[in-house]
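Notebook open, model loaded. I'm jotting down what I looked up, in the order I looked.

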Amino acid sequence: MEPPGRMNRARLPIAVLLVLTLQYSAFQDVRIRGVHPDALLLFAIAVAIVAGSESGAVVGFGVGLLADLFVQTPLGLSALTFALVAFAVGALQATLIRSSWWITPVTAFVASAAGIVLFVVLGAVLGQTQLLDADVPAIVAVVAVGNAVLALPAVRLASWAMAGLEPDRSYAR
């Protein structure tokens, strides 16, 4: 008989694989002005909402590293961006009282927009000036709105994936 926590540890990789599959298969056909929601960034944000800043940052770094494998930017740029955004969301989420359902989509909207802007700024600092494009505002808008729409199912998936794992031992609380 397996210890009860072993199955729970398998949930996070399964959820990441599901999100990765959605990002690079289903969302490739759901485009507005050539842009689609960023499911990997959204999952990092969702984990931060559910499990706190440290767990969000760790998962954000991991899924960001996966995202880096599929783009032409320096390895680690998405990982750094997703980890910083998820840590900030987790730290801010700990101070909020979640009494309304709409806080989650609003959080996803703001965090996604901040994540895209941070990605562009960090990329420009690292010499990736091609990221400074006139389409950045449209990209920010489409990703933020798309991620806000998908926020509630993403948080449910993150809750399932993080169930049974150790709670966040955040020093930011």
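Aromatic pairs came up before anything else, with this rule: rings of Phe, Tyr and Trp (its six-membered ring) pair if their centres lie within 6.5 Å, and planes under 30 degrees apart count as stacked, over 60 as edge-to-face and the rest as tilted. I searched the whole structure and got 1 aromatic pair. It is Y24 with F70: the ring centres are 4.2 Å apart and the planes sit at 25°, so I logged the pair as stacked. The two come from distant parts of the chain, 46 residues apart, with Y24 in helix α1 (residues 4-24) and F70 in the loop between α3 (53-68) and α4 (77-93).

Ground rules, before I forget. This is a predicted model, where local features need pLDDT of at least 70 and side-chain atom pairs count only at pLDDT 80 or more, while totals for chains, interfaces and linings use all residues. Residues are numbered from 1 along each chain as its sequence is written, and side-chain values use heavy atoms, with hydrogens and water left out.

Next I checked the overall fold. I found 7 helices and 0 strands; helices (H or I, at least four residues) and strands (E, at least two) are DSSP runs, numbered from the N terminus. For burial I used under 20% relative accessible area as buried, over 50% as exposed and anything in between as partly exposed (1.4 Å probe, protein chains only). On that scale, 47% of the 173 residues are buried.

Then I went through α7 (residues 151-162). The expected span of a helix is 1.5 Å times one less than its number of residues. For the 12 residues of α7 that gives 16 Å, and the end C-alpha atoms are 16 Å apart, which agrees. Its buried residues are A151, A154, V155, A158, A161 and M162. Just past the helix, G164 has a positive phi of about 85°.

I also ran the length check on α3: 16 residues, 21 Å from first C-alpha to last, close to the 22 Å expected. Its buried residues include G56, V59, V63 and A67.

What makes up the nonpolar surface patch of about 810 Å²? I wrote down W101, W102, V106, F109, V110, V145, V149 and L152. Patch residues have over 30% relative accessible area and no salt bridge; like charges are joined within 9 Å, nonpolar side chains (Val, Leu, Ile, Met, Phe, Trp, Tyr) within 5 Å. A salt bridge is a side-chain nitrogen of Lys or Arg within 4 Å of a carboxyl oxygen of Asp or Glu. Areas are Shrake-Rupley with a 1.4 Å probe, and for residues only the protein chains shown count as cover. Both α5 (103-125) and α6 (136-149) supply at least two residues, and α5 gives the most, with 3. L152, from α7, is partly exposed at 38%.

R33 has a positive phi near 55° without being a glycine. It sits in the loop between α1 and α2 and is exposed at 68%. A51, in helix α2 (residues 39-51), is buried at 15%. A51 and A94 are 43 residues apart in sequence and 9.6 Å apart in space, C-alpha to C-alpha.
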